[in-house]
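Reader: I have a structure open on my screen and would like to understand the terms used for it. Could you take me through a few of them?

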Amino acid sequence: MKKKIAVGIIGGAGYTAGELIRILLFHPEVSLQFIHSTSNASKYIYEVHTDLLGDCDLKFTSIIDQNIDVLFLCLGHGDALKFLEQNTISKTIKIIDLSQDFRINGVFEKQNRKFIYGLPELNKTEIQNAENIANPGCFATAIQLALLPLAANNRLKEDVHISAITGSTGAGQSMKPETQFNWRYSNLSTYKTFEHQHLGEIQHSISRLQPGFKKSVHLIPYRGNYTRGIIASVYTEFKGSEHDALDIFKNYYETAPFTHISENKIDLKQIVNTNKCFLNLEKHGNQLLITSIIDNLLKGASGQAVQNLNLMFGLEEKTGLKLKGVAF
């Protein structure tokens, strides 16, 4: 019998960890060995992720079992770096980090680990040969998928303007006024305007594909009054017709199993609970508008992390990720 990929998770109580557990429990090539959480040690997983009652009899543990093939780090920004500084992980173990700690400067010198930026639509070959992955941010994923085909064809010539809205799960489970239901309900607000932390990785990827790009990327992020999903409206000057743009995008994503071009209007419910990205293109005067939608917890986090695992271990990209959307 073929040996399954042995997996451990560090930081198992949050939203992204919950989604990761749900995917891995039903992944045909994975054996979930442990889920680490010091604050929940000895509790059953379903006591925290209550929908998993009947699906998972594992308990959270405070022990790190190094008899595994891959370790997912579902820790807060800055905490993944601290974890690796405080814990020596065997070099035989691959790491997939869901924080932002290694996305741009992908080297952890203390353990001589090099992290590859884990956006499959950008770095598929590198991911297939990687030992460590820095999983992209959620806004960064939605926005980059709207821009990569243009950058790859040297068609970004002017500033890029973006308005993007994310659901409440994008803020994690920490209890802040702006994450609570009574604050979000019937409400909308901007945050981190023009200085969101994902701008760095967006600029970095664009510059790799189009080295001469020196223009600005302007991002206005919004907090939405719903739970999950990102819709990003991205526009920039484009010399060419809408048909030209469609050809560029369809050619770029021809072999990408999760990124699809829709010639009809798109809305968030089409991709919630899936690892898909849908893109819609419209030409208005000299501006090309690209609308991009993803589930922030899946294609923007845990689903993409499993997509990276599949690539690293030579599996078909969609293994364990043929997820049913909510539809209505």
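Reader: What makes the contact of E237 and K239 a salt bridge?

Author: Their side chains meet at 3.1 Å, N to O. A salt bridge requires a side-chain nitrogen of Lys or Arg within 4 Å of a carboxyl oxygen of Asp or Glu, so the pair qualifies. Please keep in mind that this is a predicted model, where local features need pLDDT of at least 70 and side-chain atom pairs count only at pLDDT 80 or more, while totals for chains, interfaces and linings use all residues. Residues are numbered from 1 along each chain as its sequence is written, and side-chain values use heavy atoms, with hydrogens and water left out.

Reader: Why is K239 called exposed?

Author: Its relative accessibility is 64%. Exposed means over 50% relative accessible area, buried under 20%, and partly exposed in between (1.4 Å probe, protein chains only), so K239 counts as exposed.

Reader: Which residue forms a salt bridge with K265?

Author: That is E282, with the closest N and O atoms 2.4 Å apart. The pair links distant parts of the chain, 17 residues apart: K265 is in the loop between β13 and β14, and E282 in strand β14. Strands here are DSSP runs (E, at least two residues), as are helices (H or I, at least four), numbered from the N terminus.

Reader: Are K265 and E282 buried or exposed?

Author: K265 has a relative accessible area of 63%, so it is exposed. E282, at 15%, counts as buried.

Reader: What joins E19 and R22?

Author: A salt bridge of 2.7 Å, N to O. Both lie in helix α1 (residues 15-25), three residues apart, about one turn of the helix. E19 is buried at 7%, whereas R22 is partly exposed at 25%. Together with D51, R228 and D295, they are linked in a network of salt bridges. The whole structure has 14 salt bridges.

Reader: How do you know that T141 is buried?

Author: Its relative accessible area is 0%, so T141 belongs in the buried class. T141 sits in helix α5 and touches L119, P136, I294, K299, G300 and Q304, leaving aside residues up to four places away in sequence. Contact means heavy atoms within 4.5 Å.

Reader: Why are β10 and β13 said to stand at the edges?

Author: The open sheet has seven strands in the order β10-β11-β9-β12-β15-β14-β13, with mixed pairing. β10 (189-190) and β13 (259-261) each have a single partner strand, so one side of each is left without a neighbour in the sheet. Two strands pair if DSSP finds at least two bridges between them; β10 and β11 have two, and run antiparallel.
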